[in-house]
Amino acid sequence: MNLCDPLTIKNIMGAFGLSFRKKYGQNFLTDKSAVESIAGFCAGDDTKTVLEIGPGFGALTHELAVRYEKVVALEIDRGLIPLLAYTLADDKNVTVIEADVMKADLASLLKEDFARGGVAVCANLPYYITTPILLKLLSSGLPFESITVTVQAEVADRLCAAPGTPDYGSLTVYSSYYGRSEKLAKLPPSLFLPPPSVESAVVRIAMYREKPCVPQDEELFFGAVRGAFCQRRKTLANALSSAFPDISKSEIAAAAERAGISPSARGETLSCSDFVRLSDELAAAAKAGAAGEN
Ligand code: SAM
């Protein structure tokens, strides 16, 4: 069975009484060579298990099953579960689970896989929920080797942007804190059924085993990143004084100077390591302020 053939997809969906559900972001890939490439991109030094989010009709799932020892695929749409049992009947190394990835306990689901190592994520993500899924995966603390995702081209540009460019934002800094993103392919709408209204791109995030920059206070680091990009047009000192009302603007400016960053710079020019140094100095300023009050 050719799982990328539009007519086959339509006929089998019809036979199972299913139609494409927009609310779940169902745009299925219909280009075999694109699907093969995406499945190949996710390979790391030692990839054994692949977590797929949203197997849909099963085209990518099948190509993953061909290449890796084990595939665990989470699908929210109950109607697709019996269909996947049919389309993936020969792929004995695939486990399809009916689940919302946002609610799933990935640590328990993949406990044994994480224990033996070599777990990667591969997905053609539903576009209505791309960023929340990425943030969940990145901040999970789980030892994923890599995360390979098809996303809207605009999100791909944000993930891979360099400091000082218009696409650079909080998502870029968050993802660069956890790993290194690389855009590997562009996919036009014509490769999907039904075609989405936007261009898509494949991004691979190679997760750091050890993060190159670690802040003293992670919450404060994320707060500084959010604060800086919440008001992009403001200078760093102004944006951060709104985000941290308990630290005076002059203390924020002094903390930035100590971190080697101009208080009049804009957040979008700061790299992840700049934000780490800045948040460490802000932590010191907050501590000194609290000690002064006592
Ligand atoms: N992997 C298939 C492909 O590449 O052709 C389908 C990709 S389609 C863009 C997204 C898939 O994610 C759909 O099957 C959809 O039902 C599923 N999905 C949407 N939201 C989900 C969620 N919260 N958790 C798990 N799966 C979800």
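1. Which side-chain atom of E75 lies 2.6 Å from an oxygen atom of the ligand, a polar or a nonpolar one? It is a polar side-chain atom of E75. The protein covers 99% of the 590 Å² of accessible area that the ligand has on its own. Accessible areas here come from the Shrake-Rupley method with a 1.4 Å probe, and for residues only the protein chains shown count as cover.

2. A remark on the basis of this note is in order. The model is a predicted one, in which local features need pLDDT of at least 70 and side-chain atom pairs count only at pLDDT 80 or more, while totals for chains, interfaces and linings use all residues. Residues are numbered from 1 along each chain as its sequence is written, and side-chain values use heavy atoms, with hydrogens and water left out.

3. The protein chain has 294 residues, and buried residues make up 50% of them. Buried means under 20% relative accessible area, exposed means over 50%, and partly exposed lies in between, with a 1.4 Å probe and protein chains only. The secondary structure comes to 13 helices and nine strands. Both kinds of element are DSSP runs numbered from the N terminus: helices are H or I with at least four residues, and strands are E with at least two. Along the principal axes, the C-alpha atoms of the chain fill a box of roughly 70 × 40 × 30 Å.

4. The surroundings of the ligand comprise 22 residues, and the closest are L29, G54, E75, N124 and Y128. A residue is counted as near a molecule if one of its heavy atoms lies within 4 Å of it. By class, this shell has twelve nonpolar, six polar and four charged residues. In that classification, Ala, Val, Leu, Ile, Met, Phe, Trp, Tyr, Cys and Pro are nonpolar, Asp, Glu, Lys and Arg are charged, and the others, Gly among them, are polar.

5. A backbone N or O atom of V101 lies 3.0 Å from a nitrogen atom of the ligand, and a polar backbone atom of G56 is 3.3 Å from an oxygen atom of the ligand. The space taken by the ligand is the largest cavity. Strand 1 (28–29) and strand 3 (70–75) are the elements that give two or more residues to the shell.

6. K48 is placed in the loop between helix 2 (32–41) and strand 2 (49–53). Is K48 buried or exposed? K48 counts as buried because its relative accessibility is 17%. The side chain of K48 makes a polar contact of 3.0 Å with the side chain of D46. A polar contact is a pair of N or O atoms within 3.5 Å; within protein, one must be able to donate a hydrogen and the other to accept it, and residues adjacent in sequence count only if both atoms are side-chain atoms.

7. Helix 2 also contains A39, a buried residue with a relative accessible area of 0%. A39 and E63 are 24 residues apart along the chain, and their C-alpha atoms are separated by 6.0 Å.

8. Two aspartates deserve a comment. D113, in helix 6 (residues 111–116), is buried at 2% relative accessible area; the C-alpha atoms of D113 and V50, 63 residues apart along the chain, are separated by 9.3 Å. D274, in helix 13 (residues 272–293), is buried at 17%; D274 and A256 are 18 residues apart in sequence and 9.4 Å apart in space, C-alpha to C-alpha.

9. G79 lies in the loop between strand 3 and helix 4 (80–87). With a relative accessible area of 24%, G79 is partly exposed. G79 and S108 are 29 residues apart in sequence and 25 Å apart in space, C-alpha to C-alpha.

10. The peptide bond from L193 to P194 is cis, with omega near -15 degrees. Most peptide bonds are trans. P194 lies in the loop between strand 8 (192–193) and strand 9 (200–207).

Methods
1 Å grid on protein atoms, 1.4 Å probe; cavity = no way out; pocket = protein on both sides within 12 Å on 5 of 7 lines; lining within 4 Å. Sits in = over half its atoms within 2 Å of the grid points.
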